[in-house]
Amino acid sequence: MNNIKQYFSIKDLENLCGVKAHTIRIWEKRYNLLSPNRTETNIRTYNLENLQKLLNVTYLVNSGYKISRISKLNNQEINEYVRSIVSDNSIKNQAINSLKISMLNYDLELFSETYEQLARKRNFRQIFIDIFIPLLKEIGLLWQTDTISPSHEHFITNLIKQKLLLNIEKFQYSKPTKKEKAFILFLPENEIHELGLLYINYEILLHGYKAIYLGPSIPLDSLPNILSFHENSVFVSYFTIKPEKENINEYLNEFNKIVCTDKLNEFWVLGKQILNSPKSSQKNHRHFESINELISEL
């Protein structure tokens, strides 16, 4: 238990709950909402119970409840109010909060319970797009602000990856129903963030195409060999940290030089690195702003 983060600064609460530190202080002073401890230098510190309460309070405020009303409820009553709200958007927000708490506590059981509750009413596509993608965006911001450690991020992303692999396995041994082309999915060298590409792999299989998933950190010179097995191939890659923005066009040109010696194969790319970057002038290169935009082309 010593590895679990149990105490948080007011800045941590601001990042995790989306409530400004100024507002948290007002809620404390006016409504006695939270009871932080203070260090010897009079800095507020909050325990996990404070965090869970603030997540639920924020959830109720965002659902239209007034803070003056919420402040009169005890913790059990707040939890009951949260459970009683059954609109789709509320379930989404509560699920994301539960997953954040499971991440902070390295709580596999809470992750599994939350996922199973979602799976009773949603298919995997809905869970990934409506819940996991917003969660991962939040986690990225939390990591950048040092609210969470790399171990938190790795814990939750590996659990999401497990769910992806389980759902991919349901399709990958079925014969493709669309045989006009195959998709070859890979990440550039030194790129290891594969959740987005794995989800695209799932969608390609779901749409009835053949997908060949090569995974992270693939050198370009290892790709031409695969064309002898699948002539009409579309390559797909996801640029999260590599290549650097200033090197993207050079990388795309290198792809054509190494891979497209006999035929100008399509190369679909997306990810954070290509956003707001100049598009390639090569006609076989396609930039996608989002996963949903790419899915619409399948």
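In which sense do strand β4 (residues 182-186) and β5 pair, and over how many bridges?

Modeller: The model is a predicted one, in which local features need pLDDT of at least 70 and side-chain atom pairs count only at pLDDT 80 or more, while totals for chains, interfaces and linings use all residues. Residues are numbered from 1 along each chain as its sequence is written, and side-chain values use heavy atoms, with hydrogens and water left out.

To your question: β4 and β5 pair in the parallel sense, and five bridges join them (strands count as paired if DSSP finds at least two bridges between them; helices, H or I of at least four residues, and strands, E of at least two, are DSSP runs numbered from the N terminus). Within this pair, Ile-184 stands opposite Ile-212 of β5.

Both strands belong to an open sheet of five, whose order is β5-β4-β6-β7-β8 and whose pairing is parallel. At its edges are β5 (210-215) and β8 (285-288), each of which pairs on one side only. On average, and with direction ignored, neighbouring strands of the sheet are turned by 20° against each other (axes are lines fitted to C-alpha atoms, for helices over the stretch in contact, and angles between N-to-C directions run from 0 to 180 degrees).

Two helices pack on this sheet. Helix α10 (residues 195-206) touches β4, β5, β6 (233-238) and β7 (266-270), and its direction makes about 165° with that of β5 (contact means heavy atoms within 4.5 Å). Helix α11 (residues 248-259), for its part, touches β4, β6, β7 and β8, with its direction at about 140° to that of β8.

Between α10 and β5 runs a loop, and in this loop lies His-207. A polar atom of the His-207 side chain is 2.8 Å from the backbone oxygen of Glu-203. Leaving aside residues up to four places away in sequence, His-207 touches Arg-125, Lys-178, Ile-295 and Leu-298.

For comparison, there is also an open sheet of three strands, in the order β1-β3-β2, with antiparallel pairing. Its edges are β1 (7-8) and β2 (37-38), and because each has a single partner strand, one side of each is left without a neighbour in the sheet. Strand β3 (residues 44-47) is joined to β1 by two bridges, the two running antiparallel, and Phe-8 stands opposite Tyr-46 in β3. Helix α3 (residues 48-62) packs on this three-stranded sheet, where it touches β1 and β3, and its direction makes about 80° with that of β3.

Definitions and conventions. Polar contact = N/O pair within 3.5 Å; in protein donor to acceptor, adjacent residues only side chain to side chain.
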